[in-house]
Amino acid sequence: MFSIRMRAEKNEKHISGAETLVEKNMISATIMELAQRALSHEKGEPDFINISVESLKIPVKKLTSLPLILTHVENETEGKTLARKLLLELGIPKLCIAKSISLLEKGPANGENMRGAIIMDLNGNRLEPDVVRGIRASHIGITEEASKELQTAISDMRLSTFYTYISDALVLATKVASVKGTLGELCWSDDPSYTAGYVASGKMGYIRIPHLKKKGDPCGGRVFFVENIDPGNYINEMESAPVLVNRFGGIRSFNE
Ligand code: AMP
């Protein structure tokens with residue numbers, strides 16, 4: 001299998017990124033698709049696009065996606081209240097929850113968005129070596145079969161418009177939750193028009209919250225809450241170990 005990764009920049013600022021794992025016969029089509037994504041992002045036309053193709057040297061771990069759980073909140077205040085509650089249920093201390101939300105609100109890279117995620121321990125310390133780059137969950141993909149199952153489920157819930165967002169995030173969150181030491185993840189997008197985010201964990205699944213910020217807000221990010229990790233090993237696995245989602249874990253509505 002091959003890992004294909006795209007990142008696009010404008011004036012040396014990150015605009016978008018995407019990646020997948022494919023067999024050799026899908027390399028050309030995938031490159032075209034990722035180039036198209038880079039060129040049509042709402043944050044503008046990039047002046048630099050990098051697409052890399054890498055043959056995988058280590059065996060690919062195959063996983064069923066986290067179950068996709070849909071919540072209904074009216075606005076970002078309700079959304080954040082629900083996110084706090086879910087994170088508390090995962091055993092994440094209040095201090096860490098407050099700190100992570102405040103970082104994502106302000107822009108966690110000294111007021112700007114990061115390229116990757118924050119790693120936060122249960123004392124609220126940030127463990128990522130570079131606070132601008134952060135940690136990238138990488139070498140991830142989804143099979144066509146699993147992707148189709150997800151597409152059907154999302155369409156039944158009338159969420160097809162958000163298919164790419166949900167698929168990318170579900171695959172990423174499935175890998176993050178599978179890495180030993182992850183207790184949970186908090187995310188909301190940095191795309192100004194996309195207000196949704198999620199709290200994900202192996203314990204509770206991928207809980208999508210439709211409002212975690214106001215429309216038009218350009219800030220977002222990800223926080224991986226961790227316990228008892230060796231940062232070097234954790235980061236290495238997160239960035240390099242290939243994970244392919246080959247089954248969709250199902251969809252349901254959230255019941256408190
Ligand atoms: P997005 O969901 O693509 O709008 O990304 C939201 C935020 O998540 C970005 O601002 C980054 O800080 C972070 N992020 C994006 N991609 C990754 C990744 N592959 N691994 C870790 N963090 C990421």
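## Helix α3

The structure is a predicted model. The helix runs over residues 94-106, 13 residues in total. From its first C-alpha to its last, α3 reaches 18 Å, close to the 18 Å expected at 1.5 Å a residue.

The buried residues of α3 are Cys-96, Ile-97, Ser-100, Ile-101, Leu-103 and Leu-104. These residues lie on the same side of α3 because they cover an arc of only 160° around the axis. An α-helix has 3.6 residues a turn, so residues three or four places apart point the same way. The packing partners of the buried residues of α3 are α2 (76-89), β6 (118-120), β8 (182-188) and β11 (221-226). After α3 comes Gly-107, with a positive phi near 95°.

The ligand is surrounded by 13 residues, of which the closest are Met-114, Gly-116, Ala-137, Ser-189 and Asp-190. Ala-137 places a backbone N or O atom 2.8 Å from a nitrogen atom of the ligand.

## Thr-174 in helix α5

Thr-174 belongs to helix α5, residues 163-178. Thr-174 counts as buried because its relative accessibility is 3%, which is under the 20% cut-off.

A polar atom of the Thr-174 side chain lies 3.1 Å from the backbone nitrogen of Leu-66. Apart from neighbours within four places in sequence, Thr-174 is in contact with Leu-63, Thr-64, Ser-65, Leu-66 and Val-245.

His-139 is not a glycine, yet its phi is positive, at about 65°. His-139 is located in the loop between β6 and β7 (140-142). With a relative accessibility of 6%, His-139 counts as buried.

Arg-158, also a residue other than glycine, has a positive phi near 55°. The loop between α4 (144-156) and α5 contains Arg-158. At 76% relative accessibility, Arg-158 counts as exposed, whereas His-139 counts as buried.

Technical notes:
Residues are numbered from 1 along each chain as its sequence is written. This is a predicted model: local features need pLDDT of at least 70, side-chain atom pairs count only at pLDDT 80 or more; totals for chains, interfaces and linings use all residues. Side-chain values use heavy atoms; hydrogens and water are left out. Helices (H or I, at least four residues) and strands (E, at least two) are DSSP runs, numbered from the N terminus. The expected span of a helix is 1.5 Å times one less than its number of residues. Buried means under 20% relative accessible area, exposed over 50%, partly exposed in between (1.4 Å probe, protein chains only). The arc is that of the directions from the helix axis to the C-beta atoms. Contact means heavy atoms within 4.5 Å. A residue is near a molecule or strand if one of its heavy atoms lies within 4 Å of it. A polar contact is a pair of N or O atoms within 3.5 Å; within protein, one must be able to donate a hydrogen and the other to accept it, and residues adjacent in sequence count only if both atoms are side-chain atoms.
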